[in-house]
Amino acid sequence: MSFWEYLGNRHQQLLTDAFQHASAVFQCMVIATVLGVLIGVVSYRSGWGSSVAITSTATVLTIPSLAAIGLLIPLVGLGVAPTVITLTLYGLLPIVRNSIVGLRGVDPSLVDAAKGIGMSRITRLRKVELPLAWPPILTGIRVSTQMLMGIAAIAAYASGPGLGNEIFRGIASLGSANAINSVLAGTLGIVILALLFDAAYVLLGRLTIPRGIRV
(Lines give C-alpha, C1' and ligand atoms only; values in the text may rest on other atoms or scores of the structure.)
Protein backbone atom coordinates (compact mmCIF):
# COMPACT_ATOMS: atom_id res chain seq x y z
CA MET A 1 0.00 0.00 0.00
CA SER A 2 1.37 3.41 -0.97
CA PHE A 3 1.52 6.29 1.49
CA TRP A 4 -1.33 8.14 -0.26
CA GLU A 5 -3.51 5.03 -0.18
CA TYR A 6 -2.74 4.68 3.51
CA LEU A 7 -3.82 8.28 4.11
CA GLY A 8 -7.04 7.66 2.18
CA ASN A 9 -7.90 4.58 4.22
CA ARG A 10 -6.98 6.13 7.58
CA HIS A 11 -7.98 9.75 7.04
CA GLN A 12 -10.81 9.76 9.60
CA GLN A 13 -8.61 8.37 12.38
CA LEU A 14 -5.75 10.68 11.40
CA LEU A 15 -8.02 13.73 11.52
CA THR A 16 -9.30 12.66 14.94
CA ASP A 17 -5.76 12.18 16.24
CA ALA A 18 -4.68 15.51 14.74
CA PHE A 19 -7.58 17.33 16.43
CA GLN A 20 -6.79 15.71 19.77
CA HIS A 21 -3.11 16.57 19.38
CA ALA A 22 -3.84 20.21 18.55
CA SER A 23 -6.40 20.45 21.34
CA ALA A 24 -4.00 19.04 23.95
CA VAL A 25 -1.21 21.41 22.92
CA PHE A 26 -3.54 24.42 22.80
CA GLN A 27 -5.05 23.78 26.22
CA CYS A 28 -1.67 23.15 27.82
CA MET A 29 -0.29 26.32 26.20
CA VAL A 30 -3.14 28.36 27.69
CA ILE A 31 -2.31 27.02 31.15
CA ALA A 32 1.45 27.45 30.64
CA THR A 33 0.98 31.00 29.35
CA VAL A 34 -1.10 32.06 32.35
CA LEU A 35 1.30 30.44 34.82
CA GLY A 36 4.41 31.64 32.98
CA VAL A 37 3.30 35.26 32.79
CA LEU A 38 2.24 35.22 36.44
CA ILE A 39 5.63 33.85 37.46
CA GLY A 40 7.31 36.52 35.34
CA VAL A 41 5.21 39.30 36.86
CA VAL A 42 5.95 38.14 40.40
CA SER A 43 9.68 37.68 39.89
CA TYR A 44 10.94 40.20 37.31
CA ARG A 45 11.69 42.99 39.80
CA SER A 46 14.00 40.77 41.83
CA GLY A 47 17.29 39.49 40.44
CA TRP A 48 17.24 36.59 42.87
CA GLY A 49 13.59 35.81 42.17
CA SER A 50 14.14 35.90 38.42
CA SER A 51 17.08 33.52 38.69
CA VAL A 52 15.07 31.08 40.78
CA ALA A 53 12.13 31.21 38.36
CA ILE A 54 14.27 30.66 35.26
CA THR A 55 16.46 27.98 36.86
CA SER A 56 13.46 26.08 38.22
CA THR A 57 11.63 25.99 34.91
CA ALA A 58 14.86 25.19 33.04
CA THR A 59 15.46 22.23 35.32
CA VAL A 60 12.23 20.66 34.10
CA LEU A 61 13.67 20.50 30.58
CA THR A 62 16.61 18.41 31.79
CA ILE A 63 14.18 15.57 32.59
CA PRO A 64 13.54 13.35 29.54
CA SER A 65 9.89 13.74 28.57
CA LEU A 66 9.35 9.97 28.46
CA ALA A 67 10.73 9.67 31.99
CA ALA A 68 8.54 12.53 33.21
CA ILE A 69 5.40 10.89 31.87
CA GLY A 70 6.50 7.53 33.29
CA LEU A 71 7.01 9.05 36.75
CA LEU A 72 3.56 10.66 36.65
CA ILE A 73 1.65 7.51 35.67
CA PRO A 74 1.72 5.98 39.20
CA LEU A 75 0.54 9.30 40.63
CA VAL A 76 -2.22 10.37 38.22
CA GLY A 77 -2.81 7.30 36.05
CA LEU A 78 -2.85 6.91 32.30
CA GLY A 79 -4.47 9.16 29.69
CA VAL A 80 -4.93 12.91 29.69
CA ALA A 81 -3.66 13.83 33.18
CA PRO A 82 0.05 12.96 32.77
CA THR A 83 -0.03 14.52 29.30
CA VAL A 84 -1.40 17.85 30.54
CA ILE A 85 0.96 18.05 33.50
CA THR A 86 4.04 17.20 31.45
CA LEU A 87 3.26 19.53 28.56
CA THR A 88 2.40 22.42 30.87
CA LEU A 89 5.64 22.09 32.82
CA TYR A 90 7.74 21.77 29.67
CA GLY A 91 6.10 24.84 28.16
CA LEU A 92 6.94 27.18 31.04
CA LEU A 93 10.59 28.11 30.48
CA PRO A 94 10.38 30.20 27.26
CA ILE A 95 7.32 32.04 28.55
CA VAL A 96 8.77 32.76 32.00
CA ARG A 97 12.11 33.87 30.56
CA ASN A 98 10.58 36.10 27.89
CA SER A 99 8.07 37.56 30.33
CA ILE A 100 10.92 38.60 32.63
CA VAL A 101 12.98 39.97 29.73
CA GLY A 102 10.00 41.83 28.27
CA LEU A 103 8.91 43.40 31.56
CA ARG A 104 12.46 44.44 32.40
CA GLY A 105 12.79 46.00 28.97
CA VAL A 106 9.93 48.45 29.46
CA ASP A 107 11.20 52.04 29.39
CA PRO A 108 11.31 53.25 33.04
CA SER A 109 10.25 56.75 31.93
CA LEU A 110 6.94 55.33 30.72
CA VAL A 111 6.38 53.62 34.05
CA ASP A 112 7.24 56.86 35.87
CA ALA A 113 4.80 58.75 33.67
CA ALA A 114 2.08 56.25 34.53
CA LYS A 115 2.87 56.72 38.21
CA GLY A 116 2.69 60.48 37.72
CA ILE A 117 -0.87 60.37 36.46
CA GLY A 118 -1.92 58.29 39.47
CA MET A 119 -2.03 54.75 38.05
CA SER A 120 -1.91 51.99 40.66
CA ARG A 121 0.64 49.18 40.47
CA ILE A 122 -1.90 46.77 38.96
CA THR A 123 -3.16 49.36 36.47
CA ARG A 124 0.40 50.18 35.35
CA LEU A 125 1.10 46.52 34.87
CA ARG A 126 -2.11 45.93 32.92
CA LYS A 127 -2.13 49.06 30.76
CA VAL A 128 1.55 49.90 30.33
CA GLU A 129 4.04 47.16 31.19
CA LEU A 130 2.34 44.00 29.91
CA PRO A 131 1.27 45.53 26.56
CA LEU A 132 4.85 46.71 25.95
CA ALA A 133 6.23 43.32 27.03
CA TRP A 134 3.77 41.43 24.82
CA PRO A 135 6.08 40.98 21.75
CA PRO A 136 8.75 38.96 23.62
CA ILE A 137 6.06 37.12 25.56
CA LEU A 138 4.42 36.10 22.27
CA THR A 139 7.79 34.92 20.99
CA GLY A 140 8.14 32.74 24.08
CA ILE A 141 4.67 31.32 23.47
CA ARG A 142 5.61 30.47 19.88
CA VAL A 143 8.79 28.69 20.99
CA SER A 144 6.92 26.74 23.67
CA THR A 145 4.24 25.66 21.23
CA GLN A 146 6.80 24.29 18.76
CA MET A 147 8.45 22.31 21.57
CA LEU A 148 5.18 20.92 22.86
CA MET A 149 4.09 19.79 19.41
CA GLY A 150 6.93 17.28 19.40
CA ILE A 151 6.79 16.38 23.09
CA ALA A 152 3.04 15.72 22.86
CA ALA A 153 3.78 12.73 20.62
CA ILE A 154 5.36 10.99 23.64
CA ALA A 155 1.95 11.16 25.38
CA ALA A 156 0.95 8.03 23.46
CA TYR A 157 3.23 6.14 25.85
CA ALA A 158 0.72 6.91 28.62
CA SER A 159 -2.34 6.26 26.41
CA GLY A 160 -2.61 10.00 25.84
CA PRO A 161 -4.30 11.65 22.88
CA GLY A 162 -2.74 12.73 19.62
CA LEU A 163 -0.70 11.74 16.61
CA GLY A 164 1.89 10.02 18.78
CA ASN A 165 -0.41 6.99 18.76
CA GLU A 166 0.14 6.71 15.01
CA ILE A 167 3.91 6.96 15.44
CA PHE A 168 4.07 4.43 18.29
CA ARG A 169 1.80 2.07 16.36
CA GLY A 170 4.18 2.15 13.43
CA ILE A 171 7.26 1.67 15.61
CA ALA A 172 5.64 -1.28 17.38
CA SER A 173 4.94 -2.98 14.04
CA LEU A 174 8.24 -2.27 12.26
CA GLY A 175 8.68 -4.72 9.41
CA SER A 176 4.97 -4.86 8.63
CA ALA A 177 3.47 -3.45 5.43
CA ASN A 178 2.27 -0.11 6.82
CA ALA A 179 4.73 0.55 9.66
CA ILE A 180 6.65 3.27 7.82
CA ASN A 181 3.41 4.80 6.48
CA SER A 182 2.08 5.02 10.04
CA VAL A 183 5.21 6.70 11.41
CA LEU A 184 5.39 9.05 8.43
CA ALA A 185 1.71 10.03 8.68
CA GLY A 186 2.04 10.87 12.38
CA THR A 187 5.26 12.81 11.88
CA LEU A 188 4.00 14.85 8.94
CA GLY A 189 0.78 15.56 10.81
CA ILE A 190 2.73 17.04 13.72
CA VAL A 191 4.87 19.15 11.37
CA ILE A 192 1.76 20.50 9.62
CA LEU A 193 0.09 21.34 12.94
CA ALA A 194 3.24 23.12 14.13
CA LEU A 195 3.29 25.24 10.97
CA LEU A 196 -0.42 26.07 11.29
CA PHE A 197 -0.02 27.11 14.93
CA ASP A 198 2.98 29.27 14.07
CA ALA A 199 1.07 30.95 11.25
CA ALA A 200 -1.74 31.67 13.70
CA TYR A 201 0.74 33.28 16.11
CA VAL A 202 2.15 35.45 13.32
CA LEU A 203 -1.39 36.64 12.56
CA LEU A 204 -2.06 37.20 16.26
CA GLY A 205 1.10 39.29 16.49
CA ARG A 206 0.04 41.45 13.55
CA LEU A 207 -3.36 42.00 15.17
CA THR A 208 -2.16 42.72 18.70
CA ILE A 209 1.26 44.37 18.37
CA PRO A 210 1.20 48.02 17.24
CA ARG A 211 3.27 48.66 14.12
CA GLY A 212 5.72 50.94 15.95
CA ILE A 213 6.50 48.32 18.59
CA ARG A 214 6.70 45.58 15.95
CA VAL A 215 9.30 47.51 13.98
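View 1. The model is a predicted one, in which local features need pLDDT of at least 70 and side-chain atom pairs count only at pLDDT 80 or more, whereas totals for chains, interfaces and linings use all residues. Residues are numbered from 1 along each chain as its sequence is written, and side-chain values use heavy atoms, with hydrogens and water left out. The partner of arginine 142 is aspartate 198, and the closest N and O atoms of this salt bridge are 2.8 Å apart (a salt bridge is a side-chain nitrogen of Lys or Arg within 4 Å of a carboxyl oxygen of Asp or Glu). Arginine 142 belongs to helix α7 (residues 121-151) and aspartate 198 to helix α9, so their contact ties together parts that are 56 residues apart in sequence. Helices here are DSSP runs of H or I with at least four residues, strands are runs of E with at least two, and both are numbered from the N terminus. Aspartate 198 is partly exposed too, because its relative accessibility is 21%.

**View 2. Glutamate 166 and arginine 10.** A salt bridge joins the side chains of these two residues, at 3.0 Å from N to O. Glutamate 166 sits in helix α8 (residues 164-172) and arginine 10 in helix α1, so the pair ties together parts that are 156 residues apart in sequence. Is glutamate 166 buried or exposed? With a relative accessibility of 0%, glutamate 166 counts as buried. Arginine 10 stands at 24% and therefore counts as partly exposed. Both residues also belong to a network of salt bridges that includes Arg169. In total, the structure holds four salt bridges.

**View 3. Arginine 121 and glutamate 129.** In this salt bridge, the closest N and O atoms are 3.1 Å apart. Arginine 121 is partly exposed, since its relative accessible area is 27%. Glutamate 129 has a relative accessible area of 2% and is therefore buried.

**View 4. The lining of the largest pocket.** A pocket, on a 1 Å grid over the protein atoms alone, is an open set of points where a 1.4 Å probe fits, with protein on both sides within 12 Å along at least five of seven lines; lining residues have an atom within 4 Å of a point. Which helix gives the most to this lining? Helix α1 does, with six residues. Helices α1 and α9 (179-208) each supply at least two residues of the lining. Among the lining residues are Phe3, Leu7, His11, Leu14, Leu15 and Ala18.

**View 5. Tryptophan 4 and asparagine 181.** Tryptophan 4 is a residue of helix α1. Its relative accessibility is 67%, so tryptophan 4 counts as exposed. Where along the chain is asparagine 181 relative to tryptophan 4? The two are 177 residues apart along the chain, while their C-alpha atoms are separated by 8.9 Å.

View 6. Alanine 177 is part of the loop between α8 and α9. Its relative accessible area of 69% is the reason why alanine 177 is classed as exposed.

**View 7. Alanine 152 and proline 136.** Alanine 152 is placed in the loop between α7 and α8. At a relative accessibility of 3%, alanine 152 counts as buried. Proline 136 is 16 residues from alanine 152 in sequence, and the C-alpha atoms of the pair are 24 Å apart in space.

**View 8. Valine 30 in helix α1.** Helix α1 covers residues 3-43, and valine 30 has its place there. Because its relative accessibility is 40%, valine 30 counts as partly exposed.

**View 9. The whole chain, for orientation.** The protein chain has ten helices and zero strands. Its C-alpha atoms fill a box of roughly 70 × 40 × 20 Å along the principal axes. Of the 215 residues in the protein chain, 42% are buried.

Technical notes: Buried means under 20% relative accessible area, exposed over 50%, partly exposed in between (1.4 Å probe, protein chains only).
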